[in-house]
Amino acid sequence: MKKYDQEVRGLLVDDETRCIHYATETDRIAIKFYCCEIYYPCHLCHEEAGCGHHAVWPVSRYNEKAILCGNCGYELTITEYLQCDYQCPSCDAGFNPGCGLHKNLYFENEASH
């Protein structure tokens, strides 16, 4: 049973937003892409089925809700997500720390501001 109300597009494999590209236990977030404001489980799903106009979230909009916890449905702001130490602040479910390796695909670099 799906635990969230938002539509998540992409190649999903379960109801916690895991996809065919990332399906470990902690792969349970979806990201609202700045370019189309649609949730996808990962950059590869967006590349394959998205809007075709990839753009990253600007630092000036980090206060907007753009991360969905696939466990409880809580929507995190980008700032919350970047500061949550890979754990949902609502339900304590763990997120994949490996996602931090490619945050530049989703978010503008804070250091450039």
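**View 1. Strand E3 is largely enclosed by the rest of the structure, because 4 of its 5 residues are buried.** This is a predicted model, so keep that in mind as you explore. On one side of the story is strand E1, which pairs with E3 in the antiparallel sense over 3 bridges. Look for Ile29, whose bridge partner in E3 is Cys69.

**View 2. Strands E3 and E4 form a hairpin with 5 residues between them.** The two strands run antiparallel and are joined by 3 bridges, with E4 covering residues 75-77. You can find Lys65 opposite Thr77 of E4.

**View 3. The largest nonpolar core brings together 23 residues.** Ile67, Tyr81, Phe95 and Phe107 have the most contacts inside this core. Strand E1 (29-32), strand E3 (65-69) and helix H2 (78-83) each supply at least two of the core residues. E3 gives the largest share, 3 residues. Which residues does Tyr81 touch, leaving out those up to four places away in sequence? They are Ile29, Ile67, Leu76, Tyr86, Phe95, Cys99 and Phe107.

**View 4. The structure holds 1 cavity of 30 Å³ or more.** About 120 Å³ of space lies in this largest cavity. Of the 15 residues lining the cavity, Tyr22, Asp27, Ile29, Pro41 and Cys99 are the closest to its centre. How does the lining divide into nonpolar, polar and charged residues? There are 8 nonpolar, 4 polar and 3 charged ones.

Terms used: Residues numbered from 1 in each chain as written. Predicted model: local features only at pLDDT ≥ 70, side-chain atom pairs only at ≥ 80, totals over all residues. Heavy atoms only, no water. 1 Å grid on protein atoms, 1.4 Å probe; cavity = no way out; pocket = protein on both sides within 12 Å on 5 of 7 lines; lining within 4 Å. Points joined across faces, edges and corners; volume = space filled by probe spheres on them. Nonpolar A, V, L, I, M, F, W, Y, C, P; charged D, E, K, R; others polar. Core = buried A, V, L, I, M, F, W, Y, C linked by side-chain atoms within 4.5 Å. Buried < 20%, exposed > 50% of the residue type's maximum accessible area, 1.4 Å probe, protein only. Contact = heavy atoms within 4.5 Å. Pairing = 2+ DSSP bridges.
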